[in-house]
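Reader: I'd like a close look at the inside of this one. Could you walk me through the enclosed spaces, and then the covered helix and its surroundings?

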Amino acid sequence: MALSWQSPVYLERPRLLDRLPEEPGFAVVLEAPAGFGKSVLAGQLSARLGLRTLWASALLGEPRALLARALGFPEEAPWGPVLEALAAEPTLVVLEDLKGEEELSPLLRALPALVVLASRNPLPYPELPKLLAEGRLVRLGAGELAFTLEEAQALFGGRPGAEEAHRATGGWPLPLFLSALTGEPPEPGALVRGLRESLSPEEFQEGLLLAALPHLPPELATPATEGLFAKGLLRRLPEGFRLHDLLKEMALRSLREEVQGAVKGAEGRLPPPLLAQAYFQSGLHGDLLRLMEKPLQMNLPPETLVAWREVLERGGLRARLRLGEALLQCGKREGEAFLKPLAEAEDPRIALLACGHLAYYLAETMLERRLPEARGYLERGLALLDRVDAELAGRFLNDVARVPFEEGKPEEALALLEEALKRLPQDSPFRLAPLVNLAFLRFELHGDLLGRIQITEESLPLYLRHMPWNLPGHLRVLGRLYLLLGKRAEAERYLEEAARTEGNPLAALEAAMLLAHLRGDEGALSELVARAELWESPYLVGRGRALLALLRKDPSLLEGQEGFLPALARAELTGDPTLLPPYPEGREERLYWHALRYRLLREEGDLEALLGLTQVGAGVLPGLVPLDLLPKKRPELARPYPLPEVLRSGWKEAIALRLEEVPPLKVSVLGRFQVEGPLGPVALSGKLREVFALFLLGLSREEVAFHLWPDASEEGALNNLSVWLSRLRKALEPWGVPTYLGEEGLLRVESDLKALEKALEGGDAQRALELYREPLLPGVDHPLLDRKREEVYHRVRRLFLKVGEPPYLERLLELDPLDEEALLLWAEGCLKRGQRGRVLRALEAYRRRLWEELGERPSPEVEALFRHLNR
């Protein structure tokens with residue numbers, strides 16, 4: 001009996017069903033772990049076809065014996081009579097729970113039925129590769145059987161939770177189905193049992209290990225990892241493989257001891273930071289503390305170490321050293337209480353590390369810097385340098401260079417950084433930090449802005465690999481530097497990344513503030529200022545209030561706020577240059593100081609100062625001075641500004657200097673009529689659209705005039721055209737400088753029509769399929785255009801018929817459901833893939849539509865095929 005799947009929760013998925021053959025002589029292999037919907041799909045295929053269906057599980061016996069009994073033979077009957085009985089009428093055979101040890105060769109060689117083989121593991125039957133090569137086998141694995149997000153949403157029927165459930169399960173059908181049915185997470189016991197049965201012992205152990213890891217880097221993957229991924233149980237993220245959240249939760253809750261065993265078994269395989277996370281996640285806290293006492297570099301986010309505080313407080317010197325630094329990195333001053341005793345430790349390595357951390361963070365602006373104390377720890381650490389190895393000494397010198405810089409002694413800072421580079425081994429990853437800091441000093445001393453950006457950008461991958469805790473600060477710096485250059489997109493990208501990157505919460509908070517101000521989001525900025533107040537960081541509070549006051553144009557928000565940034569904002573909001581803060585020492589602050597003074601007073605001395613403060617000259621103006629405040633006698637200063645801004649300004653002298661940069665006009669006329677210029681969409685309608693369309697076809701000015709006004713004299717037609725060309729120019733070139741319209745028509749235009757014609761000329765059917773949409777030039781009515789539409793359609797049709805592959809034929813049938821030639825070619829291909837029922841349904845629909853729309857009968861070829869398939 002054919003199974004019927006009537007429950008609405010068993011979602012029918014045409015994406016899968018339309019790929020399956022529908023008649024004897026073909027085979028389907030469904031290979032996936034338990035719960036991936038293999039039986040449901042086979043049942044839906046049976047219901048769709050209505051064939052006699054024989055269903056057997058290899059768990060109940062040898063498939064041959066089970067089929068023999070179902071067909072009325074003794075179980076010991078050989079394959080011969082069984083195959084004859086299967087061929088006697090159209091039959092679907094579904095064999096489940098196969099292990100690959102079954103004797104199926106006679107069945108697979110003869111294929112007297114449509115055969116579905118379902119298994120949790122790869123099947124080794126030797127006939128399968130041959131069937132695949134012949135086009136008689138369809139194979140679907142876990143990746144194909146997993147639900148897409150759209151299918152999950154359909155399964156939930158519009159109820160909330162589909163996206164979250166899909167993310168947690170990775171599209172695994174069984175738990176997704178249970179969540180849709182009950183609205184609750186699925187019961188873990190049954191799923192774990194099913195997985196244990198579906199996976200090899202190595203794969204199951206790998207899954208247990210991954211339950212304790214945030215991710216497994218690709219270079220640490222094993223064949224078992226790849227097996228889990230192939231079965232749809234892992235996600236492949238940029239950072240590596242990750243177990244789906246549902247499976248992770250199930251394993252940690254139900255199989256904790258087994259997870260701990262898997263972690264212990266991977267101790268020689270995992271790098272220390274990953275092993276530490278696995279120890280903590282699986283509850284092996286004693287092992288974690290022993291690992292943290294080893295003199296190893298642990299690239300763990302400080303937020304992670306702070307989250308482990310209760311465990312690390314019970315550890316030894318190194319565990320508390322790591323915790324103290326992490327607390328300070330997270331803006332928590334209580335980290336000092338862990339580090340200050342360690343600065344007196346007998347072990348010079350521990351003492352030097354503690355001194356370096358204290359000197360660095362006591363000089364940190366965002367932690368209410370205390371420079372005299374910082375200087376004390378710098379001096380104490382210098383006395384320990386000769387008692388430690390060269391790399392540790394170099395790291396200390398790099399960190400404490402911050403102290404003299406904040407004290408206004410850049411030469412001393414420079415000397416410390418150069419000494420750090422002398423001591424650090426050539427192959428040390430820690431050389432990166434002094435090199436970046438030297439680039440910062442070169443910017444401060446000489447204005448090398450681009451050099452600083454370049455070195456900081458080049459360092460990001462190395463910081464991510466070796467010193468990830470420094471990443472948020474450098475991303476934030478890049479965001480600020482790109483803001484100086486007026487490059488908003490780059491600034492937003494870096495600030496967004498800084499705001500979401502672990503390692504330095506204070507830098508991330510400042511980046512989020514700058515981003516909210518950049519986007520004009522008062523609500524978000526207010527929340528961030530409140531967070532800064534909780535951190536008790538005067539610098540961040542002042543920064544945030546200054547940005548918020550500028551957004552709201554409310555100087556009252558700055559009451560009681562001291563420092564450079566609040567004073568600068570106060571002067572800007574009141575328009576009073578006497579309120580400018582004292583002239584700053586930092587180069588970045590000087591840029592902002594001169595920029596505001598120029599905006600307030602328009603004195604060219606401030607403009608010249610801006611041009612001389614960095615090596616990029618006018619390159620800093622877009623981020624500091626509005627375009628309309630530049631002196632009109634100096635159009636060259638507009639070169640660095642964004643081109644759309646210059647075009648909108650109507651400053652013709654500045655536009656003329658940038659004309660070569662204006663991008664081509666982008667035109668879409670296939671399925672829609674859209675013209676996109678450098679300032680956005682260009683609205684064309686009526687006669688304007690008609691004039692534009694004819695020029696787009698390549699007609700000359702005289703030809704366009706004749707075709708639009710055929711009854712007018714040549715002079716009259718050209719005069720009419722001149723009027724409309726003037727209007728067209730205003731639409732296409734509102735900046736007033738000739739750009740897209742020349743004497744002979746359109747210039748510098750990129751259109752989808754031209755791209756389609758190029759694809760047709762080169763026989764590129766895939767590109768033509770992507771591009772071709774109907775109607776061509778919608779909304780424009782002209783005989784010339786009607787001819788063009790016919791010409792393009794027939795060229796597309798010829799190419800698609802020539803290729804003859806399903807996507808192209810199906811597209812032709814979408815365009816014209818009564819295209820008999822395309823229908824017959826499509827039917828031929830479907831029959832080769834065993835999709836007889838699909839063809840029959842299509843022919844029935846074609847015959848009905850032909851009669852209803854045209855009152856005609858199909859051709860003899862269609863009728864003959866229809867009768868043949870109905871036999």
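Author: Here is a walk through the cavities first, then the helix and a few other spots.

A quick word on the ground rules: this is a predicted model, so local features need pLDDT of at least 70, side-chain atom pairs count only at pLDDT 80 or more, and totals for chains, interfaces and linings use all residues. Residues are numbered from 1 along each chain as its sequence is written, and side-chain values use heavy atoms, with hydrogens and water left out.

Let's start with the holes. A cavity here is a set of points, on a 1 Å grid over the protein atoms alone, where a 1.4 Å probe fits but cannot get out, and lining residues have an atom within 4 Å of a point. Points are joined across faces, edges and corners, and a volume is the space filled by probe spheres set on the points. The structure holds two cavities of 30 Å³ or more.

The largest cavity comes out at about 170 Å³. It has 14 lining residues, and Leu195, Phe204, Gly207, Leu247 and Ala251 are the ones nearest its centre. The largest share, four residues, is from α12. Those labels are DSSP runs numbered from the N terminus, with helices being H or I of at least four residues and strands E of at least two. By class, the lining of the largest cavity has twelve nonpolar, one polar and one charged residues. In that scheme Ala, Val, Leu, Ile, Met, Phe, Trp, Tyr, Cys and Pro are nonpolar, Asp, Glu, Lys and Arg are charged, and the others, Gly among them, are polar.

The second largest cavity has a volume of about 30 Å³.

Now for His357, which is found in helix α22 (residues 348–362). His357 counts as buried at 8% relative accessibility, where buried means under 20% relative accessible area, exposed over 50% and partly exposed in between (1.4 Å probe, protein chains only). Setting aside residues up to four places away in sequence, His357 touches Leu321, Glu325 and Leu339; contact means heavy atoms within 4.5 Å.

On to the covered helix. Helix α16 (residues 272–282) has eight of its eleven residues buried. Those are Pro273, Leu274, Leu275, Ala276, Gln277, Ala278, Tyr279 and Ser282. The buried residues of α16 pack against α15 (256–265) and α17 (285–292). After α16 comes Gly283, with a positive phi near 90°.

You'll find Leu300 in the loop between α17 and α18 (302–307), and it is buried, with a relative accessible area of 3%. Leaving out neighbours within four places in sequence, Leu300 is in contact with Pro273, Ala276, Gln277, Leu305 and Trp308. The C-alpha atoms of Leu300 and Ala276 are separated by 8.9 Å, with the two residues 24 apart along the chain.

Last, a strand pair: β6 (residues 234–237) and β7 (residues 240–243) run antiparallel and are joined by four bridges, where two strands pair if DSSP finds at least two bridges between them. A hairpin links β6 to β7 through two residues, and Leu237 stands opposite Gly240 in β7.

Technical notes:
On a 1 Å grid over the protein atoms alone, a cavity is a set of points where a 1.4 Å probe fits but cannot get out, and a pocket is an open set with protein on both sides within 12 Å along at least five of seven lines; lining residues have an atom within 4 Å of a point.
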